[in-house]
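Welcome! Please take a moment to look over the structure below before reading on.

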Amino acid sequence: MIKNLLTEMFPVGKRERTPLGKDERLFSLKYYGTAFFLPLLILCFAAAVRGVAPFGDSTLMAIDAWGQYFPMLREMKRAFRSLDFSYSFTGALGFSMTAQSAYYTNSPLWYLLFLLPGELTPGQVDMMVFIRFALASLTFTYYLTSRSGEKNWRIIFFGLGYAFSGYTFAFINQFMWMDAVVLFPLILLGIERLCKGQGGYILYTLSLFTAIYSNFYIAYAVCIFAVLWFFYISFTEKKSFKEWFFSAVRFGVCSLTAGILNLPVLLPLLSAISKTLASQKGFTGEFRLYHSFADLLIMLLPYGKSSLAYGQPNLYFGLFSALISVFAVFSKKISVKKKLGFIFLIAFMLLSFNFNLLDFIWHGFHFPNQLPGRQSFIFSFLGAVAAYYGYKTISESAVKPNIKKAICMILTVLVVFELSSNAVLKFWTDTKCVNEESVLRHSSVLSEVREKYSPDKKENEFWRTELSSHRYNGGQLHGYNGISHYSSTMSGACYNFFTKLGMSVYAKNVSIEYLPNPVLNSLFGVRYIVSESPVPDEVSVYDGQCQYMYVHENTAVLPLFYVGEKEILAPDMTLSGYAFANEIFRCISGSGDVISGNGVYDAEKNEGYELNREEFLKGIGNILESECTVTDFGKKEIKGKVNSVKDGVLIVSLPGEDVTIEIDGKETETLLIAGYMAGAEISEGTHEITIKLP
């Protein structure tokens, strides 16, 4: 009985599949090949006109793509090559690679680039961006072909509207969001097959799994709409309650499976997101609408400027397509129930862009920092589907074959010309590009620095390197252990700690730019400072030169972990800037004041710091009286020995919220030193230390 029930609940093999002959296979190859290569060729032409890599010296690695995503992709490639995706020391004293990659760099398409030799190049990433556009066109064509049961060449042209939507061009530099656009039609097709008992288990589960794995943030919006689409398909089909219930079970089981398979990346990501400052902001204020209906309609027009700040959502999927879509309402082959359901979905999406509470929910229960309507590709999909059925309604209403043929030809030419010309113009005037040389500036010299001055983990070495002039995610871009960091997964504790120390910020709540000074360099284990100037600081010495850059070694560098005074357990947290740095060092070392100045360094006001070198070196000597040595630097844990000359506090220059500390085999309470660094109380004597990484 149970077997029969399961067979009825999860039917297989009901979808009719007619074997294709040789001519049909050849036609399918041409058909889907056109769907893929047509948008790719148009984009390559636009890129060649604009001079974008690999056709010129410009690149799409602009704005956040330069400050965040490209460096992250380079770090991910190194992790891929070393098969170590757990933890990175290239920024913020350390961060979870698993969490960051789930937000930014997990797309399986990147893995194809990771297989290539050498460092990742902007041209390689640009080409993969173009390929994503082509794949979006292909999956839309496959969806509508499967749904309509016909291989109609016009489907390809409306698929072009989906691939060349306002969303894809507005967010072309946010390329980690494009995987969801590619997979979205397959996810919806899988839901339809599940609801109709035509299989779809693997299609839906695998495509939803990949969407979540590639980018949890946009996949979250996809999951919301997947539920809406399930109800739309379920209630527009003639089904008994039993059939509907079985459909719901199939949908729920497959959705849950996709989520469970993603738990290894979702759990670290959710843990990281829960610590960000953005997660601490709830819905505040009164309900309100953002824009008038006319403002939204304007975004359907071609050749306009993309909305990248706080304006209207990017709704364009082709003006002629939008006009044609209206005629789908008059189709005699579509039931009234389906028409009303589809209209409801479109209206609900428009309301979601415009009503602040729905906007808050769609964006993960927080308001987006610029880049509005991050789920607007869903509207473009619905519009492009409606456009095709509107086109069919118009063409089928023609009585004479010649008139029908002429109408089809005119509509096709208008749609393709508008979409293609809009794509080229947007690429030329609206797409953010930068010179490739500016993205790779310092790459060769810093690669040389990395080769000469990187610690050898096999020898249990550890230290950090930093640039005298900050670089957004410089450690990830060039492959050295650094501190400057820019990521939406940055914890609030990290941001507050470094801004309290006077570090500058590029993007509020998610970035810090490390400004070296002798005290912080020592506390954070920064052994080498790389500068275009030959002038070292008060405790560093010239150590060599790589091309036009000078390398200075910090003679007062502290190891990864060291023992300090118990006074550090209660520093004055009201201080900031150099005063806070002085307080931390004084409490750890037991020294007097070592650094003074007017807040933080300000080049325009010529304000900086003054270092009491003698007192500083005395404090360093006090700290180094307790011998601390790393004995095993592993991927998941770091082991060492401590010979402490006093009862004190073991301080580890890693984030306290990430690590677990064991002393002599027993887990001890991990303390947050000055609100961020890891620490644990330790007694006088010799101890075995284990620092466990997440």
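Predicted model: local features only at pLDDT ≥ 70, side-chain atom pairs only at ≥ 80, totals over all residues.

Let us begin with the helices. Helix 9, which covers residues 178–195, packs against helix 11, residues 216–236, at an angle of about 30°. The axes of helix 9 and helix 11 are 10 Å apart. Because angles under 35 degrees count as roughly parallel, helix 9 and helix 11 are described as roughly parallel to each other. Their crossing is right-handed.

Which residues make the contact? From helix 9 come Ala180, Phe184, Ile187, Leu188, Ile191, Glu192 and Cys195. Helix 11 contributes Ile218, Val222, Phe225, Ala226, Trp229, Phe230, Ile233 and Ser234.

Now for the aromatic rings. Across the whole structure, a search finds 73 aromatic pairs. Phe317 sits in the loop between helix 14 (293–298) and helix 15 (319–325), while Phe379 belongs to helix 18 (residues 377–397), so the pair ties together parts that are 62 residues apart in sequence.

Are these two residues buried or exposed? The table gives the answer for each.

| Residue | Relative accessibility | Class |
|---|---|---|
| Phe317 | 3% | buried |
| Phe379 | 7% | buried |

Phe317 and Phe379 fall in the buried class because buried means under 20% relative accessible area.

Terms used: Residues numbered from 1 in each chain as written. Heavy atoms only, no water. Axes fitted to C-alpha atoms, helices over the stretch in contact; angles between N-to-C directions. Helix = DSSP H or I, 4+ residues; strand = E, 2+ residues; numbered from the N terminus. Parallel < 35°, antiparallel > 145°, perpendicular 65-115°, else oblique. Left-handed = near helix turned anticlockwise from the far one by under 90°. Contact = heavy atoms within 4.5 Å. Phe/Tyr/Trp six-rings, centres within 6.5 Å; stacked < 30°, edge-to-face > 60°. Buried < 20%, exposed > 50% of the residue type's maximum accessible area, 1.4 Å probe, protein only.
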